[in-house]
Amino acid sequence: MIRVLLVDDQKMVRETLKISLEPEADIEVVGTANNGIAAIEQVEALQPHIVIMNMEKPGLDGASATKQITSRYSETKVLIHTSYDSDEYITKSL
């Protein structure tokens, strides 16, 4: 079972992603977070295999949260999603 954490500051986006993933037999959405700080806390508590992370959010942004998550929890992978078309986001994500 692949454990997934969803991170987005918009509740509607989090819920849409959750509803989209729920029918998959090998995926379990173990939690959600609305900002980078909450995402880091949830990774520590829930130990997901994958974090689906939005880039733009108030407080700690997706790139900064991703950097902390990948340095502290090497077994957790982060998939970035964003609606912005910007080379800056791609560079920050890498």
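User: Before we start, what counts as a polar contact here?

Analyst: A polar contact is a pair of N or O atoms within 3.5 Å; within protein, one must be able to donate a hydrogen and the other to accept it, and residues adjacent in sequence count only if both atoms are side-chain atoms. Helices (H or I, at least four residues) and strands (E, at least two) are DSSP runs, numbered from the N terminus. This is a predicted model, where local features need pLDDT of at least 70 and side-chain atom pairs pLDDT 80 or more, while totals for chains, interfaces and linings use all residues. Residues are numbered from 1 along each chain as its sequence is written, and side-chain values use heavy atoms, leaving out hydrogens and water.

User: Okay, which residue caps the N-terminal end of α2?

Analyst: That's Asn35: one of its side-chain oxygens lies 3.1 Å from the backbone nitrogen of Ile37. Just after α2, Gln47 takes a positive phi of about 50°.

User: Which residues of α2 are buried, and how do I read that?

Analyst: Buried means under 20% relative accessible area, exposed over 50%, partly exposed in between (1.4 Å probe, protein chains only). An α-helix has 3.6 residues a turn, so residues three or four places apart point the same way. In α2 (residues 36–46), the buried ones are Gly36, Ala38, Ala39, Ile40 and Val43. They pack against β1 (2–7), β2, β3 and α3, with contact meaning heavy atoms within 4.5 Å.

User: What order do the sheet strands take?

Analyst: Strands pair if DSSP finds at least two bridges between them. Here the open sheet runs β2-β1-β3-β4, with parallel pairing. β2 (27–33) and β4 (77–81) are at the edges with a single partner strand each, so one side of each has no neighbour in the sheet.
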